[in-house]
Structures are given as structure tokens and as C-alpha cells.
Amino acid sequence: MRNDLQIIADWIQQGSKVLDLGCGDGTLLEYLKREKSVSGYGIEIAPEAILGCTQRGVNVIKKDIDQGMSDFREQSFDYVVMSQSLQTMRNTDRALLDMLRIGKEGIISFPNMGYIRGRLQFALKGHMPVTKSLTHTWYETPNIHLCTIKDFENLCKELGIEILERIVVDSEHESRLGMKWFPNLLGKVALYRVRKL
Amino acid sequence: MPHTSAHSVGLVKPQVFHCAEPLALSCGKTLDQYTLMFESYGELNADASNAILICHALSGNHHAAGYHREGEKYPGWWDNAIGPGKPIDTDKFFVICCNNIGGCNGSTGPVSTNPDTGNVYGADFPLVTVRDWVNSQRQLMHHLGIQAWAAVTGGSLGGMQALQWSIDYPDELQHCICIASAPNLTAQNIAFNEVARQAITSDPDFCGGHYLLEGKRPASGLRLARMLGHITYLSDDAMGEKFGRKLQRDKIHYDYGSEFQVESYLRYQGDKFVDAFDANTYLLMTKALDYFDPASECDGGLSKALQATKAKYLVMSFTTDWRFQPNRSEEIVSALLDADKDVSYVEVESKSGHDAFLLDIPHYMDVFKAYLQRVEV
């Protein structure tokens with residue numbers, strides 16, 4: 001399993017109920033079900049990913065998260081996870097609030113636009129950054145709402161979202177010392193555990 | 001030879017189950033005894049844990065897969081999904097499909113003899129509901145030595161039966177696979193059914209439903225009903241692609257013959273149906289569709305109705321199905337989520353309208369197969 005998924009899995013308590021938004025092929029939920037007796041559902045829109053979930057025996061619901069999540073009752077999940085999908089949301093702020101409406105806690109990961117290589121590409125070469133964690137060129141990217149660690153934390157403040165934990169990692173999803181001192185400059189991927197105040 | 005293909009169940013023979021136990025129907029009447037025509041594919045395993053029940057839709061019957069004769073042109077109605085290596089894999093599962101009560105393919109129905117009168121039932125055959133069908137299917141299940149189904153599945157009206165099974169007998173099925181279905185019919189859907197029924201009952205040869213006694217058949221009414229139905233099973237796109245405005249003859253003739261190919265197609269479909277189907281059965285099946293509404297029996301709606309279920313669910317819909325739209329399937333999914341049930345939901349991209357559930361659509365078949373492969377027997 002990818003290292004960032006492992007970090008997320010480590011945050012999740014045994015036997016809890018999880019909703020995984022943009023769950024991909026269901027790797028995380030399959031792991032959580034097997035290792036932590038977690039129950040829950042994945043939400044996906046891509047047919048190959050839905051098939052992958054079915055092969056793994058993971059409950060998957062075909063749904064466009066951007067259409068809202070009114071199907072789910074308030075606080076009906078212990079965790080709502082959104083791994084590497086926040087930046088693809090049309091309504092990022094609404095999606096965040098919706099997550100924390102249906103889940104007691106939210107777990108979010110996203111590529112940090114503040115990462116130094118991206119900054120340098122933009123400043124020195126004058127083009128939109130393309131890095132290991134942001135592989136698309138500007139015109140074909142699904143990542144329409146990219147942000148930096150600072151941006152995200154400002155938004156949390158504005159929306160009354162409390163940050164319970166943060167881990168910043170590199171593209172191998174390892175956390176190194178420098179990232180603790182200068183997360184917004186040296187971190188490639190940021191992971192957060194949050195709740196609504 | 002299609003029946004000798006490695007993925008075909010091959011030549012199959014319908015079987016007969018006579019049930020001597022009375023069946024109390026939702027309408028208040030009782031069938032003292034009845035017959036179910038059914039087919040089976042694959043082998044029942046030692047602990048009878050690998051049985052799947054297939055429920056048919058409006059005009060379906062027990063012949064779900066394989067061929068009755070060598071050289072037969074068409075296989076059973078769900079041959080795309082049933083067979084060795086197919087989604088409902090007969091190498092793994094023992095598959096049962098019966099003609100429902102009220103049908104016209106060998107099970108007790110309007111064309112059977114009424115033991116009280118010695119005449120054909122005709123209009124005197126009682127109206128039956130999805131629940132009645134489930135109860136009769138359960139008798140067949142016991143007759144076959146099966147205590148619980150590995151899965152119950154079907155499309156459209158068949159999906160409704162699968163859903164009803166999960167509600168009425170929660171301990172007797174592991175999985176409920178509900179395809180291109182709905183928790184009840186919309187007003188528009190009931191309206192289509194009513195027009196179909198009016199077409200039949202207003203046919204002068206309908207004779208109040210006792211046409212067989214009179215040596216007649218309401219052929220033109222049944223034909224119209226089927227033509228109307230057929231339009232609603234296809235999507236605008238599918239019809240456009242298949243026929244467009246293509247002419248049936250070399251040029252426009254300015255008469256009431258079939259000018260366009262779509263007219264000729266519908267006439268052909270209507271004619272073919274009339275030869276094979278009974279009008280009273282059509283009336284009765286449409287009524288069963290209209291009556292289905294498990295939520296109405298339960299204060300608190302569908303999620304309450306599904307609260308006591310124990311099955312795992314797979315719900316599937318098709319993008320261009322406007323008779324049983326994806327949002328109707330999503331209502332079922334929503335209720336299951338609300339009730340905290342295991343459920344997966346797949347909306348399959350397809351141009352083929354409601355008929356898609358019968359077709360060999362790769363993503364649909366792949367998900368169906370992957371799901372059933374994980375079913376433990």
C-alpha cells in the first residue's frame with residue numbers, strides 16, 4: 001500500500017466506520033476492513049476503479065462527489081477520507097464542510113503547491129509546475145483547485161475547522177526532518193486529520 | 001453450433017414442480033395448488049449453498065439460458081449472463097429460474113384450467129403480487145432441498161422480486177442483486193402500464209378476459225401493448241442509431257404501410273409477441289409491477305422497510321434507462337445506506353435504455369462477474 005495511505009490507515013481507529021471519497025480501486029478500505037475491522041463505503045466515479053473495488057469486495061457507490069453528499073446522514077461516519085482528491089473538487093470549501101457534516105473527523109491529503117521545486121519552475125522557468133506528485137500539464141489537469149499548505153490551513157481557519165494532526169511527506173511519502181521545519185517549502189504531500197469546531 | 005460453445009449451458013429441459021400446499025395471495029384469495037415450470041443450470045453442491053435464483057421480468061419466463069433444441073436460433077433471455085465462465089457462472093453456481101405464477105409458459109396462470117370450473121381461468125385468475133411470487137419461489141426452493149440462496153437476482157420486475165426476497169426472508173439469501181429496477185413505479189410508469197392494459201381490454205376480442213373460452217384472442221390489443229412497451233424499453237439514442245429515419249421501402253409512398261423502418265420493426269415485435277404471449281398474463285404482470293411498493297407497508301419509508309434485511313446488495317442501473325431511471329436505483333441505495341447495509345452501486349454507461357440489463361455490456365458484465373466471484377459458497 002502507498003505510504004500516504006498507510007499514514008491515513010494508522011490514524012483510523014479499530015472497528016470504526018469510514019467513508020472514502022474518491023476511493024480508487026479500494027486498496028485503503030480493503031486494508032482497513034482486513035486489518036482494523038472497519039466498515040464503510042468507497043465513493044468513485046471511474047469505471048475501472050469501481051471494478052477494482054468490486055474485485056476487492058469493497059462496498060463502492062458510483063457517485064460524483066461534486067454533486068454533493070446529501071444521501072448521507074449527519075455524523076454517520078467516524079471518518080470521512082479524501083485522499084488526493086481535494087484539488088479536483090469544483091467546490092472545495094463546500095466539499096470540506098460536507099465531509100465534516102457526515103463524518104466526526106475528516107482525513108485529507110493533497111499535493112502541496114508550495115513545494116520548492118514547483119515554486120522554482122514557476123519563478124525561474126515561467127511555466128506551471130509539473131512534478132512527481134503533479135504530473136499533468138496545465139490544460140489537461142484534473143487538479144483545478146490546487147493549494148499550498150498555508151492556503152489550506154487558512155481555509156480551515158475560515159471554515160471553523162480544527163486541525164488535529166498534520167504530516168508532511170515527500171513524493172515517496174516519507175517524512176523528513178526539513179519538512180518539519182519548512183513544511184510549505186519542502187513538503188510535497190500534506191496529510192491532515194481535522195474536525196469541525 | 002452455439003449450444004456446444006464452452007460458455008453455453010447447452011441444451012436444457014424445463015422441469016415441473018407441482019406444489020400441493022395452498023398459496024395465500026395478497027389479494028385475499030388462495031391457490032389451493034399450483035405448478036411452477038422451471039429450469040436449472042449447473043450442479044447443486046453438497047451443502048446446497050451455491051444456489052442462485054433468477055427472477056424474470058414482465059414478459060420473461062423460466063427459459064433464462066441455453067437452448068431447447070439443436071439449431072435453435074435464440075438462447076434463453078439472460079444467456080449473456082448465465083453459463084460457464086459468465087457472470088452467473090454455472091461452474092460455480094446452481095442456477096434456478098422459474099416461470100412465475102400468472103405466467104403463460106407452463107406455470108399456473110390465466111391459461112391454466114381452473115379446478116373449480118373445469119374451464120380455463122382467463123379473467124378469473126386472481127391478481128398476484130411480487131410477494132406472492134416470492135412465496136411460491138420459496139416453495140420451489142424447499143422442494144429442491146435449498147435452505148437459503150447464495151444470491152437472488154433479476155432485472156426490472158425481476159429486481160423487485162430480489163428486493164422483496166431480502167425484505168421478507170432476510171435469513172434465506174446471502175446476496176441481493178437488483179438491476180435496472182425501482183422501489184416502486186412512478187405515476188408515468190403506471191400510466192404506460194395503464195395504456196397497455198386499455199389497449200388489450202378495449203380489443204373487441206378480449207371478451208371480458210374470457211377470450212379463450214370464446215375461441216378468440218385480443219391480438220391487436222396485445223400487439224399494441226407490446227409496441228408501446230417496446231418503445232419505452234429502448235432509448236431515443238438507441239432507436240436513432242438503429243433506425244434513424246431510414247425508409248422501409250425504396251421511397252415515400254404516402255400511404256399507411258410501414259414507411260419507416262422503425263414502424264416495421266415495432267409491427268414485427270408486436271406480431272412476434274402476440275404469437276408467444278397471453279393477454280391476461282400481460283395484464284396481470286403489469287398490475288404486479290404497479291402494486292410493488294415495499295415502503296408503503298412500513299411507516300417510515302424504504303430504509304425502515306430494509307432495516308431488518310441481512311443480505312449484501314449490489315444495485316445496478318443504466319444511464320439511458322428512462323423506464324427505470326438510475327435515480328430510482330439510487331433511491332434504493334440511499335435507503336440501504338441509511339439503514340447501514342452492505343451495498344455497492346454501479347451506474348453503467350449504455351445507450352440501450354432499459355433493455356441494457358439483458359445485453360452483453362463489458363463493464364456491466366465485468367462488475368457482475370467480479371461481484372459473484374467473491375460470493376462464498
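Colleague: What makes helices H3, H4, H5 and H6 of chain B part of the lining of the largest pocket?

Modeller: In this predicted model, a residue counts as lining when one of its atoms lies within 4 Å of a pocket point. Helix H3 (187–201), helix H4 (219–233), helix H5 (236–242) and helix H6 (261–276) of chain B each supply at least two such residues. H6(B) gives the most, with six residues.

Colleague: How do you know which residues lie closest to the centre of the largest pocket, and what volume does that pocket have?

Modeller: The largest pocket holds about 1,600 Å³ of space. Of its 46 lining residues, B:Ser59, B:Trp77, B:Arg226, B:Lys272 and B:Leu358 are the closest to the centre. By class, the lining comprises 20 nonpolar, 17 polar and nine charged residues.

Colleague: What makes up the lining of the second largest pocket?

Modeller: The second largest pocket has a volume of about 800 Å³ and is lined by 37 residues. Nearest its centre are A:Ser83, A:Gln84, A:Ser85, A:Gln87 and A:Thr88. Helix H1 (3–11), helix H2 (27–36) and strand S2 (39–44) of chain A each contribute at least two residues to this lining. The classes here are twelve nonpolar, 15 polar and ten charged.

Colleague: Why is the space lined by A:Pro111, A:Asn112 and A:Met113, among others, called a cavity?

Modeller: The term cavity applies because a 1.4 Å probe fits at its points but cannot get out. The largest cavity contains about 70 Å³ of space, and the count comes to six cavities of 30 Å³ or more. Five of the lining residues are nonpolar, four are polar and one is charged.

Colleague: How do you know that chain B touches chain A, and how many residues are in contact?

Modeller: The criterion for contact is heavy atoms within 4.5 Å. By that criterion, 19 residues of chain B are in contact with 17 residues of chain A. The area buried between the two chains is about 1,600 Å², and carbon and sulfur atoms give 50% of that area. On the side of chain B, the residues that lose the most area to chain A are B:Leu337, B:Tyr345 and B:Arg374, together 31% of what that side buries.

Colleague: Why is the pair A:Lys17 and B:Asp340 called a salt bridge?

Modeller: A salt bridge requires a side-chain nitrogen of Lys or Arg within 4 Å of a carboxyl oxygen of Asp or Glu. The closest N and O atoms of A:Lys17 and B:Asp340 are 2.4 Å apart, so the pair meets the cut-off. Across the interface, the rule finds three salt bridges and ten residue pairs in polar contact. Helix H9 (326–338), strand S12 (343–348) and helix H10 (362–373) of chain B each supply at least two residues of the side that touches chain A. By class, that side has nine nonpolar, three polar and seven charged residues.

Colleague: What makes A:Lys104 and A:Asp78 a salt bridge, and why does the pair tie together separate parts of the sequence?

Modeller: The N to O distance between their side chains is 3.2 Å, and the limit is 4 Å, so the pair qualifies. Over all chains, the search finds 28 salt bridges.

Technical notes. Residues are numbered from 1 along each chain as its sequence is written. Chains are lettered from A and ligands numbered from 1 in the order in which they are written. This is a predicted model: local features need pLDDT of at least 70, side-chain atom pairs count only at pLDDT 80 or more; totals for chains, interfaces and linings use all residues. Side-chain values use heavy atoms; hydrogens and water are left out. Buried area is the accessible area (1.4 Å probe) that two parts lose on being put together, summed over both. A polar contact is a pair of N or O atoms within 3.5 Å; within protein, one must be able to donate a hydrogen and the other to accept it, and residues adjacent in sequence count only if both atoms are side-chain atoms. Helices (H or I, at least four residues) and strands (E, at least two) are DSSP runs, numbered from the N terminus. Ala, Val, Leu, Ile, Met, Phe, Trp, Tyr, Cys and Pro count as nonpolar, Asp, Glu, Lys and Arg as charged, and the others, Gly among them, as polar. On a 1 Å grid over the protein atoms alone, a cavity is a set of points where a 1.4 Å probe fits but cannot get out, and a pocket is an open set with protein on both sides within 12 Å along at least five of seven lines; lining residues have an atom within 4 Å of a point. Grid points are joined across faces, edges and corners, and a volume is the space filled by probe spheres set on the points.
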